[in-house]
Amino acid sequence: MSDLPSAIHPDILPRLDPEYVAIHNAHIAHRVPPHTIPWHPDIRKAPPIPGSSPVRTVGAVKDISLQNCKIRAFIPEGIPPPEGWPVLLYIHGGGWTLGNIDTLNSFISRQCKGGDENNCVSVALDYRLAPENPYPAAVEDTVDALKFIYYNGKAEFNANVNKIAVGGSSSGGNLAAIACLKAQELTPPIPIIFQLLIVPVTDNTASVADGRYPSWKECQNTVWLSEGRMMWFRNMYLPDPATWTEPDNSPIFASDALLSKVPPAFIGVCELDLLRDEGIAYGEKLKSLGVKVEVKLYPRAPHLILGLDAALMVGKQQADDSVKAVGDAFKAA
């Protein structure tokens, strides 16, 4: 095995997409994994991995400060529909610890320019990060952003607040799924028409040892999100294990009554991702309760492909599928 700190493990190498292997060896293999060194906020300054498509030019970009966080609205060009633009609130990943409002500018601006009749206001959320702000800070910020869109979106960016979708990647997918639960409990409830969950965390009690999700054992040495890195993220955000089963951390443990009322979902999972099987399990649980769900598995792909949509064919496919799923949901609403 190579002595590079993030070299691809021999258990994983033969199974990985060759396009990804080239990217990894060029840009990731030499990096020291953050979970193997003492925590310092400067870890967040690591340069992004090249491979995302360019940020699209949109009609306007508007940054808005909320109580404890910030949102960035990408507003389409042209004349909005008479009832206003549909809205997607999209939440970045990074284990509730890394990432920022710029993390997915490429994907979020692309979602804004969905094409044909699929344009929408796409809103990025800059939520508070752990360990400085552990649970429940990120959940609170997600709910605050959702409430702002619902109550102020029409005035701020000509939103149709009856066509709100939520989405997110990884820990952001976790927060998006939780938003669909929390929205039902608000007074009045906020209607969400669709959820886009890309490689989501759905069960923060999962581990290699418990055996409930075979992907944890099968992919414990995978690239980017190994077992060690995932447990580091979990412990940063959720320092009290007693909270791990709470639905605000692990949506798969929400009541059937709440889960049966969440909106239709597209769940994208990756074959060589630790989180693969808990994402599939969440989709199956929603289906069993009558929720319309599409689960799609991306073969030979690791966790982080959405941000590599210009470098990987499988990353482009996941981005294309995501944009289409949201656009179709808006058209159907």
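User: What amount of space lies in the second largest pocket?

Analyst: The model is predicted, with local features needing pLDDT of at least 70 and side-chain atom pairs pLDDT 80 or more, while totals for chains, interfaces and linings use all residues. Residues are numbered from 1 along each chain as its sequence is written, and side-chain values use heavy atoms, without hydrogens and water. A pocket is an open set of points on a 1 Å grid over the protein atoms alone, with protein on both sides within 12 Å along at least five of seven lines. The space in the second largest pocket is about 300 Å³.

User: Which element gives the largest share of the lining of this second largest pocket?

Analyst: The lining has 16 residues, and those closest to the pocket centre include Phe-194, Lys-292 and Asp-328. Strand E7 (265-270), strand E8 (293-298) and helix H9 (313-332) each supply at least two lining residues. Helices (H or I, at least four residues) and strands (E, at least two) are DSSP runs, numbered from the N terminus. The largest share, six residues, comes from H9.

User: How many residues of helix H2 are buried?

Analyst: Helix H2 covers residues 105-112 and is largely enclosed by the rest of the structure.

Technical notes: On a 1 Å grid over the protein atoms alone, a cavity is a set of points where a 1.4 Å probe fits but cannot get out, and a pocket is an open set with protein on both sides within 12 Å along at least five of seven lines; lining residues have an atom within 4 Å of a point. Grid points are joined across faces, edges and corners, and a volume is the space filled by probe spheres set on the points. Buried means under 20% relative accessible area, exposed over 50%, partly exposed in between (1.4 Å probe, protein chains only).
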